[in-house]
Amino acid sequence: MHLEDLRLAVYRSFACTGRPPKVDDLAEQLTLDVAAVRAGLIELAGARHLVLDQADQIVMAHPFSAVPLGFAVMGRQTLWWGGCAWDSFALPHLLPDEGEVLVSTRCPACSRPHAWNVGNKRPPDGEQVAHFLVPVTHMWDDVVHTCRHQRLFCTVDCVDSWCRESGSRRGYVMDLRTLWRFASHWYDGRLDRGYVRREPEAAKEYLRSVGLSGPFWGL
Ligand SMILES: [Zn+2]
Ligand SMILES: [Zn+2]
C-alpha cells in the first residue's frame, strides 16, 4: 500500500462529505484488507497527518475535524465541523471552489453567536478576536484539546473573563485579519498528492510572514 493513497482518501472524504471515511470503505476503495488500512492510519497518525482516538477512529485530519470543536462551516453543499478558529478560516483556502463559506461559533465567555462569510480573497470584517491557549511547542501534546481552545471571542474582555472563569493563563490574542492571513496558506497542499510538511525553519518563516511573533510561537 502507498501511504499517500490512504492519506489522500481520508482528506478527500473530509473535503467532499465533511466526514471521515469508514475503514471498510477505505479498504474497498484501495483494495486492501481492513488490517492494512488500520495499520496505515496508525502510521499516518504517527506522522501527524491525522489524529485517531483511543479506538483508532479518525478524529481529525487538519484542518478537518470529525468532532465538534466550537465551529460549524457551511459550504454550498457540505457542512463541516470547523475544527478550531484557525482550521475553520483555512477551509475556504483549501476548498477554493466553495467561494465564501459561512463560519459560525459562539463566544466561549458569553455565548454570543458570531458568524462570518469567509473566502480566500480578503479577510472578513469584524472586531472579534481569536485566542490561542496552547503555545506552539505544546500544540501536539493533546492536539484535540489544543484545537478546542483556539476560539473566537467578542472582545479581549471576553477572553480575559473566560481565562478567569476557567483558571487559564491568557495565551495569544490576534485580530480577524491576522487569523485569516495565518490560515490562508498554512494547509497548502494537503489535498494534493505528494504533500510534504514544512520543515521547522520554514514553519517559523511562515508564522513571521503573517505577523505572528514572540515566544508563544517559538519566535
Ligand atoms: Zn463574548
Ligand atoms: Zn485546529
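**Entry 1: cavities**

I searched the whole structure for cavities of 30 Å³ or more, and the search returned one. I keep in mind that this is a predicted model. The largest cavity has a volume of about 30 Å³. Next I looked up its lining. The residues there are His 131, Leu 133, His 149, Arg 151, Phe 153 and Trp 162. I sorted the lining by class and noted three nonpolar, two polar and one charged residues.

**Entry 2: zinc ion (ligand 1)**

I turned to the metals. Which residues hold the zinc ion (ligand 1)? I found Cys 107, Cys 110, Cys 154 and Cys 158, each giving its SG atom. These donors lie 2.3 Å from the zinc ion (ligand 1). I then checked the geometry. The angles among the four donor atoms run from 97 to 118 degrees, and the site is tetrahedral. For reference, I noted that the ideal angle for four tetrahedral donors is 109.5 degrees. In sequence, the spacing of the donor residues reads C-x2-C-x43-C-x3-C.

I followed one pair along the chain. Cys 107 sits in the loop between strand E6 (101–106) and strand E7 (113–118). Cys 154 sits in the loop between strand E9 (150–153) and helix H6 (156–166). The two are 47 residues apart, and the pair links distant parts of the chain.

Buried or exposed, I asked of Cys 84 and Asp 87? Both are buried.

**Entry 3: Ala 85**

I stopped at Ala 85, which lies in helix H4 (residues 85–94). Why does Ala 85 count as buried? I found its relative accessibility to be 0%, so Ala 85 is classed as buried. Ala 85 and Arg 148 are 63 residues apart in sequence. In space, their C-alpha atoms are 9.0 Å apart.

**Entry 4: helix H8**

Last, I went through helix H8 (residues 200–209). Its buried residues are Ala 203, Tyr 206 and Leu 207. They cover an arc of only 100 degrees around the axis, so they fall on the same side of H8. I then looked at the other side of H8, where Glu 201 and Ser 209 are exposed.

Notes. Residues numbered from 1 in each chain as written. Chains lettered and ligands numbered in written order. Predicted model: local features only at pLDDT ≥ 70, side-chain atom pairs only at ≥ 80, totals over all residues. Heavy atoms only, no water. 1 Å grid on protein atoms, 1.4 Å probe; cavity = no way out; pocket = protein on both sides within 12 Å on 5 of 7 lines; lining within 4 Å. Points joined across faces, edges and corners; volume = space filled by probe spheres on them. Nonpolar A, V, L, I, M, F, W, Y, C, P; charged D, E, K, R; others polar. Buried < 20%, exposed > 50% of the residue type's maximum accessible area, 1.4 Å probe, protein only. Donors = N, O, S within 2.8 Å, 3.2 Å for Na, K, Ca; no water. Tetrahedral: all angles 85-135°; square planar, octahedral: opposite > 155°, others 65-115°. Helix = DSSP H or I, 4+ residues; strand = E, 2+ residues; numbered from the N terminus. Arc of directions from axis to C-beta.
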